[in-house]
Amino acid sequence: MYISLKYDITEEQGNFLLDFPGSSLKEDALYYKFNSEYNLAILSIKSLKQQRIANALADYKVLVNAFPETKFLDEATELKEELGCGYKFLSNDEAHVGLN
């Protein structure tokens, strides 16, 4: 239920961006969408984690491309690096499973 609620929040943020593309809150909405995707990814079960990490990383790119000097840059970059480590860990872990 918690993960389902997080997913609903992420969808609502996406809807906000579609409904109000010129909003002065676009930077905030993009960051909170990325942050929600980050939380969804790190709390996901292993079979869903890799795809959700990829989704979160894509949202990070959208944020930074739209707002290269975003007020959230330090925090977003830190979260992105954590996701990158998780993505590499999953890839290595899956490679090791294939070797056994």
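The largest nonpolar core here has 16 residues, and those with the most contacts inside it are Tyr31, Phe34, Ile53, Leu63, Ala76, Leu79 and Leu83. A nonpolar core means a set of buried Ala, Val, Leu, Ile, Met, Phe, Trp, Tyr and Cys residues joined through side-chain atoms within 4.5 Å. Buried stands for under 20% relative accessible area, exposed for over 50%, and partly exposed for what falls in between, using a 1.4 Å probe and protein chains only.

This is a predicted model, where local features need pLDDT of at least 70 and side-chain atom pairs count only at pLDDT 80 or more, while totals for chains, interfaces and linings use all residues. Residues are numbered from 1 along each chain as its sequence is written, and side-chain values use heavy atoms, with hydrogens and water left out.

- Helix H2 (26-42), helix H3 (46-66) and helix H4 (73-99) each put at least two residues into the largest nonpolar core.
- H2 gives the largest share of this core, with 6 residues.
- Ala76 touches Tyr31, Phe34, Tyr60 and Leu63, once residues up to four places away in sequence are set aside; contact means heavy atoms within 4.5 Å.

**The overall layout**
- The chain comes to 4 helices and 0 strands, and from the N terminus on its elements run α-α-α-α.
- Helices (H or I, at least four residues) and strands (E, at least two) are DSSP runs, numbered from the N terminus.
- Of the chain's 100 residues, 33% count as buried.
- Take the contacts in the chain with a separation of 6 or more: residues 24 or more positions apart account for 64% of them.

**How H2 and H3 pack**
- The axes of H2 and H3 come within 8 Å and cross at roughly 165°; axes are lines fitted to C-alpha atoms, for helices over the stretch in contact, with angles from 0 to 180 degrees between N-to-C directions.
- H2 and H3 are therefore roughly antiparallel to each other, a label for angles over 145 degrees, with under 35 counting as roughly parallel, 65 to 115 as roughly perpendicular and the rest as oblique.
- H2 passes H3 in a left-handed crossing, i.e. the near helix is turned anticlockwise from the far one by less than a right angle (clockwise would be right-handed).
- On the H2 side, the residues making the contact include Tyr31, Lys33, Phe34, Glu37 and Ile42, and on the H3 side they include Lys49, Ile53, Asp59, Tyr60, Val62 and Leu63.

**Residues to click on**
- Asp59 sits in helix H3 and is buried, with a relative accessible area of 13%.
- Leaving out neighbours within four places in sequence, Asp59 is in contact with Lys33, Phe34 and Glu37.
- Ile42 lies in helix H2 and is partly exposed, at 37% relative accessible area.
- Ile42 touches Lys49 and Leu83, not counting residues up to four places away in sequence.
- Ile42 and Glu82 are 40 residues apart along the chain, with their C-alpha atoms separated by 9.4 Å.
- Val62 belongs to helix H3 and counts as partly exposed at 42% relative accessibility.
- Val62 and Phe34 are 28 residues apart in sequence and 8.8 Å apart in space, C-alpha to C-alpha.

**Aromatics**
- A search of the whole structure turns up 5 aromatic pairs; rings of Phe, Tyr and Trp (its six-membered ring) pair if their centres lie within 6.5 Å, and planes under 30 degrees apart are stacked, over 60 edge-to-face and the rest tilted.
- Tyr31, Tyr32 and Phe72 form one aromatic cluster.
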